[in-house]
Amino acid sequence: MATQHDIVEQLIAEHLQLTQRAEQAMLNGHPQECENCLNQAEQVREYLEAVEIELGHS
C-alpha cells in the first residue's frame, strides 16, 4: 500500500511530466495539446496542495 509520502511524490512526478509534455507540444506547434496538459498540470498542483495541507506540510 502506498504511503502518504509516496502519493505526494507521485503527484509531483505527474505534474512534472505534464508540464514537460506541454512544453514539447508547444515546441511541436500543438497549442491545444499544450493548453490541455497545462490545465491537467494545474489540477494536479491544486490536488497536491490540498493533500499537503491535509497532511500538515504547509
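Arginine 45 forms a salt bridge with glutamate 42, and their closest N and O atoms lie 2.7 Å apart; a salt bridge here is a side-chain nitrogen of Lys or Arg within 4 Å of a carboxyl oxygen of Asp or Glu. The model is a predicted one, in which local features need pLDDT of at least 70 and side-chain atom pairs count only at pLDDT 80 or more, whereas totals for chains, interfaces and linings use all residues. Residues are numbered from 1 along each chain as its sequence is written, and side-chain values use heavy atoms, with hydrogens and water left out.

The setting of this pair is helix 2, which covers residues 31-55. Helices are DSSP runs of H or I with at least four residues, strands are runs of E with at least two, and both are numbered from the N terminus. Because arginine 45 and glutamate 42 are three residues apart in helix 2, about one helical turn separates them. An α-helix has 3.6 residues a turn, so residues three or four places apart point the same way. A second salt bridge joins the side chains of glutamate 49 and arginine 45, at 2.9 Å from N to O. Here the two residues are four apart in helix 2, which again means a separation of about one helical turn.

The protein chain as a whole contains two helices and zero strands. Helix 1 runs over residues 4-27. Its 24 residues should span 34 Å at 1.5 Å a residue, and its end C-alpha atoms are 35 Å apart, which agrees; the expected span is 1.5 Å times one less than the number of residues. Helix 2 has 25 residues and reaches 36 Å from its first C-alpha to its last, close to the 36 Å expected. Just after helix 1, glycine 29 takes a positive phi of about 80 degrees.

The largest nonpolar core has seven residues, namely Val8, Leu11, Leu18, Ala41, Val44, Leu48 and Val51. Helix 1 and helix 2 each supply at least two residues of this core, and the largest share, four residues, comes from helix 2. A nonpolar core is a set of buried Ala, Val, Leu, Ile, Met, Phe, Trp, Tyr and Cys residues joined through side-chain atoms within 4.5 Å.

Valine 8, leaving aside its neighbours within four places in sequence, is in contact with Leu48, Val51, Glu52 and Leu55. Leucine 18 is buried, with a relative accessible area of 4%. Not counting residues up to four places away in sequence, leucine 18 touches Cys37, Gln40, Ala41 and Val44. Leucine 18 and asparagine 36 are 18 residues apart in sequence and 9.2 Å apart in space, C-alpha to C-alpha. Alanine 25 counts as buried at 3% relative accessibility. Beyond its neighbours within four places in sequence, alanine 25 is in contact with His30, Glu33 and Cys34.

The overall dimensions complete the picture. The C-alpha atoms fill a box of roughly 40 × 20 × 15 Å along the principal axes. The protein chain has a radius of gyration of 13 Å, whereas a compact globule of 58 residues would have one near 10 Å; the radius is taken over C-alpha atoms, and the globule rule is 2.2 Å times the number of residues to the power 0.38. Of the 58 residues, 19% count as buried. The chain exposes about 4500 Å², of which carbon and sulfur atoms supply 51%, by the Shrake-Rupley method with a 1.4 Å probe; for residues, only the protein chains shown count as cover.

Methods
Buried means under 20% relative accessible area, exposed over 50%, partly exposed in between (1.4 Å probe, protein chains only). Contact means heavy atoms within 4.5 Å.
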